[in-house]
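Start with the structure itself.

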Protein chains: 4
Amino acid sequence: MHITVWNEYRHEKKNPLVSEIYPEGIHGAIANALKEDGYDVGTATLDEELHGLSDEVLNKTDVLVWWGHIAHEEVSDAIVDKVVERVWEGMGLIVLHSGHFSKVFKKLMGTSCDLKWREAGEKERLWVVDPSHPITNGIGEYIELQQEEMYGEHFDIPAPDELVFMSWFEGGEVFRSGCTYRRGNGKIFYFRPGHETYPTYHNKEIQRVISNAVKWASPIDRKRPVYGNAQPLESIKEK
Amino acid sequence: MHITVWNEYRHEKKNPLVSEIYPEGIHGAIANALKEDGYDVGTATLDEELHGLSDEVLNKTDVLVWWGHIAHEEVSDAIVDKVVERVWEGMGLIVLHSGHFSKVFKKLMGTSCDLKWREAGEKERLWVVDPSHPITNGIGEYIELQQEEMYGEHFDIPAPDELVFMSWFEGGEVFRSGCTYRRGNGKIFYFRPGHETYPTYHNKEIQRVISNAVKWASPIDRKRPVYGNAQPLESIKEK
Amino acid sequence: MHITVWNEYRHEKKNPLVSEIYPEGIHGAIANALKEDGYDVGTATLDEELHGLSDEVLNKTDVLVWWGHIAHEEVSDAIVDKVVERVWEGMGLIVLHSGHFSKVFKKLMGTSCDLKWREAGEKERLWVVDPSHPITNGIGEYIELQQEEMYGEHFDIPAPDELVFMSWFEGGEVFRSGCTYRRGNGKIFYFRPGHETYPTYHNKEIQRVISNAVKWASPIDRKRPVYGNAQPLESIKEK
Amino acid sequence: MHITVWNEYRHEKKNPLVSEIYPEGIHGAIANALKEDGYDVGTATLDEELHGLSDEVLNKTDVLVWWGHIAHEEVSDAIVDKVVERVWEGMGLIVLHSGHFSKVFKKLMGTSCDLKWREAGEKERLWVVDPSHPITNGIGEYIELQQEEMYGEHFDIPAPDELVFMSWFEGGEVFRSGCTYRRGNGKIFYFRPGHETYPTYHNKEIQRVISNAVKWASPIDRKRPVYGNAQPLESIKEK
């Protein structure tokens, strides 16, 4: 089981506030937490060759974690297509926070993925609405974050296959903040928190959710189904 | 198309605050609003014979609206079974507010239907999360109620077939406040607002949602499917 | 309420077998049946200017019906984007048969939309699995078609919001043949039957399903939600 | 992780055909296969004291497997209530074949759970419709059973949370034969095959599905949520 944590890695280079919170980058913080849970983890970032997502890397990745924000348009369409194809083949995908607007997520959803937002450092509570779900393993009734960016409904996504968390925000908004989807052989989890100017990915409960999600999204032993022209009718009847 | 609005009708008789808000009872307020939309509407209450739900009434009812709170246990099991059977046959059912704990709703859900609650007259916002849904026809992005009882997650229901509204409460809670279900040939809508000490059912937007829901839940032209022993295999092959 | 029936309209021009079954084109047959149900219906085809889907036509269309097969790649990306945008705005979309592989449907689904197929003129039965659904209004327990092309699982689609019909085929396959989805403000129905060499769209029950689906998919009174930067926190707290 | 396999265990005592196929009972066959996968497994049967489901047994059971057919009504309501309560608390439940009509399943579903059936020893194919689902781990595109009882739609269940398998039958019927549900903290899987007169539970693929399902349905580290009167509004605001 190999995890790749992908990060745009731009805010950390430009904004001292962000690099102070995440001296090893957002990807570094997430990868370190996953390593502590015993996972084999690599990282990849936008400005590496092929954004760090060569065929070799993608093919060995069982679950890909994605964080992006200000440079979605710089991600090459060819890489986006390969990531989407790998999800269809069974690779898990964890999309974090502003990754809702990534090309990869939008392509897999078929909607605009737009939402309301406000940067006011307000309180967020992520309520567990599916207490049977393995992604909530070991998590209490809600996770409280003292300061986060607000994301509010309407969130323009397909109705999730499973709604796991719902967020409350101080300013009057709610949000479907933990959503699962299945596309082809692949499992996808969108998880809302993680604005770059707050230490959200150092929060133990947030780390736990991401770790649970990685486990949940891991591929099973299964090839892509066979599509196209099927066995002739006659041969079936003769059986 | 005939609508029956069922109300426990106890708070109105005991509590002057409630009878002042609802001089014709909660059922009267809801029925009057539905009549203004052109529906043929009757009412029924707990203390009537058979709770007002004789076979004749149930058989002609296309959509039943249900409000109950302090006397769920006084509803006879025989009537509950008949209501459930009618839902399976195609009768629509709109369950309001504290009706979440009615025998009828619990029996149709298969869960405890429990939740968190607080009576503090706090602000509620019901956000539309499914903007394509006919139950939200003509409603803005959210409905704001200045004072309501809080209902909070975890709400112990099956994952709704469709999640239409999500509530925000001043005190820090969220709630799945507009949920659809299908049971047999029948359509069910649970709608959260309507504590007896607030004038919620006089609110034009709340009335609109209930009216939309009645339309959505109305039966189609269809008998119950045939169950049991099927046509023999031979006769099918001979066709 | 204005319906536009879009057809690729190529088989009818090349294959006498098809033009004999559909002398007015597949679009003509579908449009005529919808007109008999009282709808205001226009048609549009691939080889017309802008594929017959000018801004004017799209903007006045409440529900778009789509049939395509051998020329999906000839549909311009610009028109595809406009159709998708209109669905997000609330236009209903009924995708028929081989339209599963249209650019429009694939873009809205986020999957390959691939499937198994066999042209052997075998028997199909479409079983109603959601007897409460308005799309099944007036339809019996199943629709039987004596000859159809087989489409078999795995059908590479997102799990439908609602599964309405499931098909049985003589040769041993099953298929999710009536599926609803919601994307933005728009409602989508995929309906399987309708290979060009069989008179499927002359079948009264198939016509009834399409007519029911058009009604179900019609837009409600609602603007696109407001996305982007929300009201400041301070102004909310002052309220 | 402790599994309990519950079986009515009546056919095996009365019908030599059945006891020949299942000399250790249906429960024995299922339990043996689960033991081979390394699970700690016990069994319980109807005619034992408390049907073998004492508080002690239920409290230590992580996943309960249920097979019943001709004696559903003999299962005591008190035990049914305890099983349902344990599911709400997080115990997994695998309901097999004619268990669709068990009191436990019906109570958890809120529907009649009725269906069409035919005993004609016909061929069944269970197609995988969700190739990402862990319950299908290691299973091919479909499982073929040469002889089974037919169960056909309409199957009167709530729309499954996840539809995993769909069955095809020789005689013209289809069936939603692998369905997941969540009730409270518990996960439920209904799996269709297993008529007592066929050696279905000796089939390696069927055993694999049941083993996968047990793993999928296992409880997570989570208490029942707290329900009832919530923290006062004032105390929240003071925080």
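## Terms and model

Contact means heavy atoms within 4.5 Å. The model is predicted: local features need pLDDT of at least 70, side-chain atom pairs count only at pLDDT 80 or more, and totals for chains, interfaces and linings use all residues. Residues are numbered from 1 along each chain as its sequence is written, chains are lettered from A and ligands numbered from 1 in the order in which they are written, and side-chain values use heavy atoms, without hydrogens and water.

## Chains B and C

Chain B superposes on chain C by a rotation of 180°, with 0.0 Å of shift along the axis and an RMSD of 0.0 Å. B:Asp161 has the C-alpha of chain B nearest that axis, at 3.9 Å.

## Chains A and C

Chain A goes onto chain C by a 180° rotation with 0.0 Å of shift along its axis, RMSD 0.0 Å. This is the relation of a two-fold axis. The same surface serves both copies: 100% of the contact residues of chain A recur in chain C. A:Gly110 comes closest to the axis among the residues of chain A, with its C-alpha at 2.6 Å.

## Helix α3 in chain A

Helices are DSSP runs of H or I with at least four residues, strands are runs of E with at least two, and both are numbered from the N terminus. α3(A) spans residues 25–36 and has 12 residues. From first C-alpha to last it reaches 17 Å, close to the 16 Å expected at 1.5 Å a residue; the expected span is 1.5 Å times one less than the number of residues. A:Gly38 follows α3(A), with a positive phi near 95°.

How much of α3(A) is buried? Nine of its 12 residues are, where buried means under 20% relative accessible area with a 1.4 Å probe, protein chains only. Among them are A:Ile26, A:Ile30 and A:Leu34. The cover includes β1 (2–7), β2 (40–45) and α7 (204–217) of chain A.

## α3 against α7 in chain B

α3(B) and α7(B) pack at about 70°, with axes 10 Å apart. That makes α3(B) roughly perpendicular to α7(B) (65 to 115 degrees). Axes are lines fitted to C-alpha atoms over the stretch in contact, and angles run from 0 to 180 degrees between N-to-C directions.

From α3(B), B:Ile30, B:Ala33, B:Leu34 and B:Glu36 meet B:Lys204, B:Gln207, B:Ile210, B:Ser211 and B:Val214 of α7(B).

Methods
Least-squares fit on C-alpha atoms with pLDDT ≥ 70 in both. Buried < 20%, exposed > 50% of the residue type's maximum accessible area, 1.4 Å probe, protein only. Parallel < 35°, antiparallel > 145°, perpendicular 65-115°, else oblique.
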